[in-house]
Amino acid sequence: MSSALAIAGVSAVLTDLLNNGLIDHNLTAAVGLVKVSSKPPDRVIPAGGADTNQLNLFLYHVAPNPGWRNVALPARDSDGARVSNPPLALDLFYLLTAYGEKDFQAEVLLGYAMQLFHETPVLTRDAIRRALGAPSPVDTTILPSLLNAADLAEQVEQIKIMPQSMSTEEMSKLWTALQTSYRPTAAYQVSVVLIESTKATRPTLPVRRRILEVIPFQRPTIDAIESIVSAAAPIVAGSTIVIKGRQLRGNITSVVVGGTSIIPAPADIRDDRIEVTLPATLRAGLQSTQVVHQIDLGDPPAAHRGVESNVSAFVLHPTLAPPLPPLLIVSRAAGLPLGFAPNVGRSQRVVLLLGEHNPPVGVPARAFNVAAPAENGLAVGIPDTSTIVFSITDVALADYFVRVQVDGAESALDVDTTVGSPTENQFTGPLIRIVA
């Protein structure tokens with residue numbers, strides 16, 4: 001590969017090619033002294049000066065080469081370490097312009113130059129070495145010595161010269177941008193220049209054996225999550241949930257609930273549903289759920305990350321543990337201790353909800369929200385608790401239905417489902433009576 005000096009090296013080789021061609025055709029005998037330059041067109045003729053016999057090669061555009069642009073591996077791995085030096089592949093675009101001191105001399109020079117490029121469609125390695133000299137270290141500021149170190153002759157692909165067709169409109173716009181008078185011009189594309197860094201890379205070990213696993217691509221999709229009891233039943237710690245969806249079964253299927261990976265029994269996995277028993281360690285509140293299909297790869301085989309479903313969520317409701325008696329009598333001054341399942345964490349938001357039971361006729365039922373103590377009453381260093389004592393000093397003396405809310409998830413009330421009962425389909429508990 002070439003170094004960053006390759007662009008200048010190509011211009012120098014093309015200029016040398018034109019010089020040698022003029023000498024070989026002995027044009028100086030016909031038109032006089034001819035100069036070959038590589039300048040912007042607005043700097044070829046000094047202000048107020050006259051045209052001289054001159055060929056000017058101007059690099060007006062540089063573009064990435066589409067064929068070589070993605071030929072190598074990425075330069076860095078996922079950790080940011082350099083693993084390769086992919087080449088910078090460039091196409092160079094030149095304007096070849098002829099200037100003449102007398103009539104027809106510009107046309108003569110342009111014709112000879114175009115014939116020379118036509119007969120030299122490829123810059124051979126020997127021609128590049130002759131033009132730039134033997135490779136040498138960059139140890140001087142003299143331009144020819146710098147170009148010696150371009151390593152242009154050593155790059156993998158040889159450099160080709162191709163004429164370009166430009167319409168009069170394109171040529172007019174280009175010369176207008178150059179802000180100088182138009183002269184007879186031909187356009188050329190020189191391809192390809194490969195510039196590669198010499199920075200050290202991290203070598204990788206060779207591959208001794210290829211282990212391929214081909215499976216059809218199918219992404220699991222979760223449509224709904226509900227309790228195995230019924231769609232309306234609350235989901236609590238230790239419940240068995242049913243995940244409904246499509247393409248749920250994989251070679252290795254796991255369910256990730258709230259960051260905890262669960263492996264269901266093979267008999268509980270079908271394409272349209274998975275049954276999973278929730279661990280008791282999950283916190284009450286909103287829980288995210290994903291179905292993960294892993295792939296066995298390697299020797300010996302080991303599970304690797306494969307395809308993951310969309311993320312769905314369900315509410316894990318807290319429960320009072322142990323269950324309260326039919327009517328718990330509590331002293332307002334002593335406070336109300338309640339047990340929770342699952343345990344409540346230090347940072348979870350816990351609220352006691354009290355709704356009056358059987359208020360006097362004509363009197364609206366009273367309701368109270370009682371916040372848990374700061375950090376749920378946990379001592380320093382204790383991550384969670386199963387019991388919280390609520391202060392109920394501001395609660396009126398009466399009978400109340402008891403619910404707790406943890407991170408927005410509420411515990412359920414008891415409902416009388418006995419057919420024909422006087423309280424059928426009514427809430428029956430848990431109840432507390434607050435006394436003085």
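Is tyrosine 400 buried or exposed? At 0% relative accessibility, tyrosine 400 counts as buried. Buried stands for under 20% relative accessible area, exposed for over 50%, and partly exposed for what is in between, with a 1.4 Å probe and protein chains only.

This is a predicted model, in which local features need pLDDT of at least 70 and side-chain atom pairs pLDDT 80 or more, while totals for chains, interfaces and linings use all residues. Residues are numbered from 1 along each chain as its sequence is written, and side-chain values use heavy atoms, with hydrogens and water left out.

1. Aromatic pairs. Rings of Phe, Tyr and Trp (its six-membered ring) pair if their centres lie within 6.5 Å; planes under 30 degrees apart are stacked, over 60 edge-to-face, the rest tilted. The count by this rule is 6 aromatic pairs. In one of them, tryptophan 175 and tyrosine 182, the ring centres are 5.2 Å apart and the planes stand at 80°, so the pair is edge-to-face. Tryptophan 175 is buried at 4% relative accessibility. Tyrosine 182 is partly exposed at 47%.

2. Phenylalanine 368 and tyrosine 400. Their ring centres lie 5.9 Å apart with planes at 75°, so this pair is edge-to-face. Phenylalanine 368 sits in strand S20 (residues 367-371) and tyrosine 400 in strand S22 (residues 399-406), so the pair ties together parts that are 32 residues apart in sequence. Helices (H or I, at least four residues) and strands (E, at least two) are DSSP runs, numbered from the N terminus. Phenylalanine 368 is partly exposed at 22% relative accessibility.

3. Arginine 403. Strand S22 also holds arginine 403. Its relative accessible area is 28%, so arginine 403 is partly exposed. The side chains of arginine 403 and glutamate 410 make a polar contact at 3.0 Å. A polar contact is a pair of N or O atoms within 3.5 Å; within protein, one must be able to donate a hydrogen and the other to accept it, and residues adjacent in sequence count only if both atoms are side-chain atoms. Beyond four places in sequence, arginine 403 is in contact (heavy atoms within 4.5 Å) with Val351, Leu352, Leu353, Glu410, Ser411 and Leu413. From arginine 403 to valine 193 there are 210 residues in sequence and 75 Å in space, C-alpha to C-alpha.

4. Asparagine 56. This residue is in strand S2. Asparagine 56 is buried, at 1% relative accessibility. Its side chain reaches the backbone oxygen of lysine 39 at 2.7 Å. With neighbours within four places left aside, the contacts of asparagine 56 include Ser37, Pro41, Val44, Leu95 and Tyr99.

5. Asparagine 65. Here the setting is the loop between strand S2 (54-64) and strand S3 (88-99). Asparagine 65 is buried, with 8% relative accessible area. A polar atom of its side chain lies 3.0 Å from the backbone nitrogen of tryptophan 68. Not counting residues up to four places away, asparagine 65 touches Ala89, Leu90, Asp91, Ser191 and Val192.

6. Helices H1 and H4. Helix H1 (residues 6-24) packs on helix H4 (residues 125-132) at about 95°, with the axes 9 Å apart. Axes are lines fitted to C-alpha atoms, for helices over the stretch in contact, and angles run from 0 to 180 degrees between N-to-C directions. The two helices are therefore roughly perpendicular; that term covers 65 to 115 degrees, with under 35 roughly parallel, over 145 roughly antiparallel and the rest oblique. Gly9, Ala12, Val13 and Asp16 of H1 meet Ile128, Ala131 and Leu132 of H4.
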